[in-house]
Amino acid sequence: LDKGVTNFFGNIADFNSAVNNMLQFKPKRALSDVGRVCINTTVGILGFFDVAIKAGFPSYKEDMGQTLGYWGVGETPYLIVPVLGPSTLRDFTGQLVDILINPVYFSSQSVAWGLTTLRFIDTRADLLETSDILEEAALDSYSFKRETYLQIRRSEISDGALSFDQQEFEDEIRFEDE
């Protein structure tokens, strides 16, 4: 059941992803996201089952924070938003815009609040085990979360093609030699 609920919200997120892929001039990815929504909403019973992946439609999870990064909005200050968790100012702003283009936003207020509450509970349940492991493994959990979050977002914005910073690499080598 937990996987089905996660898939359901992933199906809704594919709609947002299609919009963001179009805004980033990635029409093939946008079409794949639209195909995923169509297949998973019908054959996958409202998205509870991800049958689109088996049909050859990969998931490209793009969001407005990534779109803003694509359009040149640089890294902004890191912050932790209560209830929502780690973010940056750019990504938080992007989340607000994503809410406005999400199909749930256009449903009745009671349905929207019910689905938002269920999504929050599902996300929190999915992260419980991860946060327990993190607290045990990290010496400084704040720094670890911040650096991990920022690295993941850089990777997502560049579609996995991170640029190599020669100066940062040389500084790291000098630090290790000392």
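The model is predicted, so to speak of local features takes pLDDT of at least 70, side-chain atom pairs count only at pLDDT 80 or more, and totals for chains, interfaces and linings use all residues. Residues are numbered from 1 along each chain as its sequence is written, and side-chain values use heavy atoms, with hydrogens and water left out.

Let's start with the overall picture. The protein has seven helices and two strands, and along the sequence they follow the pattern α-α-α-β-β-α-α-α-α. Helices here are DSSP runs of H or I with at least four residues, strands are runs of E with at least two, and both are numbered from the N terminus. The C-alpha atoms fill a box of roughly 60 × 35 × 30 Å along the principal axes.

Now the hairpin. Strands β1 and β2 run antiparallel and are joined by four bridges; pairing takes at least two DSSP bridges. Three residues sit between the strands, and V83 in that turn has a positive phi of about 75 degrees. Two of the facing pairs go in the table.

On to the helices. α1 (residues 2–23) and α5 (residues 109–137) have axes that come within 10 Å and cross at roughly 120 degrees, with axes fitted to C-alpha atoms over the stretch in contact and angles running from 0 to 180 degrees between N-to-C directions. That makes α1 oblique to α5, the class left over once under 35 degrees is roughly parallel, over 145 roughly antiparallel and 65 to 115 roughly perpendicular. On the α1 side, D2, V5, T6, F8 and F9 meet L115, L118, R119, D122 and D126 of α5, contact being heavy atoms within 4.5 Å.

Just after α1, F25 takes a positive phi of about 60 degrees.
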